[in-house]
Amino acid sequence: MKSVSATGFLDLRLPTKRVSSFIINLASSSWPNRTRYSANGAMRNYPPSIQKLINQFIQLPGIGPKTAERLVFSLLYQPQSFLTEFGTSLAQLKDKILRCGQCQNFSETDPCEICANPQRNKKVVCVVGRPQDMVALEKIGEYEGVYHILGGVIDPLEGVTPDKLTIKVLLERIKANNVSEIILGLNPDMPGETTMIYLTKLLKQLTGLKLTRLARGLPVGSDLEYADEVTLSSALKGRREL
Ligand SMILES: [Zn+2]
């Protein structure tokens, strides 16, 4: 029965009991088409083949559930020929790529193209954290020495301790090739600086070894990979002795 409120209008408000039961139904898992999220935040009401690929993309650095979903759906719109080629590239990635026994970079040959190049000065070694940093320095086209890839930087919070890096191989290389200069080409951020301090202490003990680091132009906290070529070139030329 409709009631008339104090204002004179028909009171169409739902009884409190009915409103609360509506909210409970809305929030319950029986609500149709309700999106559910798994522990890692990914939606889990996709078909299994889609969900599996989303979960695999989430394992990669910098990819969250939303990005993973976007990538998987963009793949669904690609022609089958692209997907087959993409799958083959993934399957063969580790078959074709190996580690250069000298610089520890990923390569299809051992030694890699740079280490095998007789024009390169093996007595000057630029130590970088990741292969991407080496590529960034190579783009300048001015460096004639070789590289050493540490495979990361010292970062105890992330569980990266010196023994996890290729420091032992670096020391062996210095001795075997009678290296005259080590250029510390690490990012000027906290882990990069920590690594450079560690390496400086270690390498200072070796007599006759010149120790330098990239200097001018690189702002504190920056990433070598994203530095422009002019800035990197300036940093390489302006390296200072430690
Ligand atoms: Zn190499």
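1. Confidence. The mean pLDDT of the chain is 82, and 79% of the residues reach 70 or more; pLDDT is the predictor's confidence in each residue, from 0 to 100. The model is a predicted one: local features need pLDDT of at least 70, side-chain atom pairs count only at pLDDT 80 or more, and totals for chains, interfaces and linings use all residues. Numbering of residues starts from 1 along each chain as its sequence is written.

2. Over residues 1-35, pLDDT stays under 50. For this segment the model has eleven contacts beyond four places in sequence, a contact being two residues whose C-beta atoms, placed from the backbone, lie within 7 Å. Where pLDDT is low, the predicted coordinates should not be read in detail.

3. Overall organisation. The chain holds nine helices and nine strands; helices (H or I, at least four residues) and strands (E, at least two) are DSSP runs, numbered from the N terminus. Of the 242 residues, 21% count as buried. A residue is buried if 20 or more other C-beta atoms lie within 10 Å of its own, exposed if 12 or fewer, and partly exposed in between, with C-beta atoms placed from the backbone. Among contacts between residues at least 6 apart in sequence, 51% join residues at least 24 apart.

4. Helix H7. In H7 (residues 167-176), the buried residues are Ile167, Leu170 and Arg173. Seen down the helix axis, these buried residues fall within an arc of 115°, so they line one face of H7; the arc is that of the directions from the helix axis to the C-beta atoms. On the other side of H7, Lys168, Glu172, Lys175 and Ala176 are exposed. The cover over the buried residues of H7 includes strand E5 (121-128) and strand E6 (145-149).

5. Asn178. H7 is followed by Asn178, which is placed in the loop between H7 and strand E7 (181-184). Asn178 counts as exposed because it has 10 C-beta neighbours inside 10 Å.

6. Gln104. A positive phi, near 70°, is also found at Gln104, a residue other than glycine. Gln104 is in the loop between strand E3 (98-99) and E4. Is this residue buried or exposed? Gln104 has 21 C-beta neighbours inside 10 Å and therefore counts as buried.

7. Cis peptide bond. The bond from Asp110 to Pro111 is cis, with omega near 5°. Pro111 lies in the loop between strand E4 (106-107) and helix H5 (113-116).
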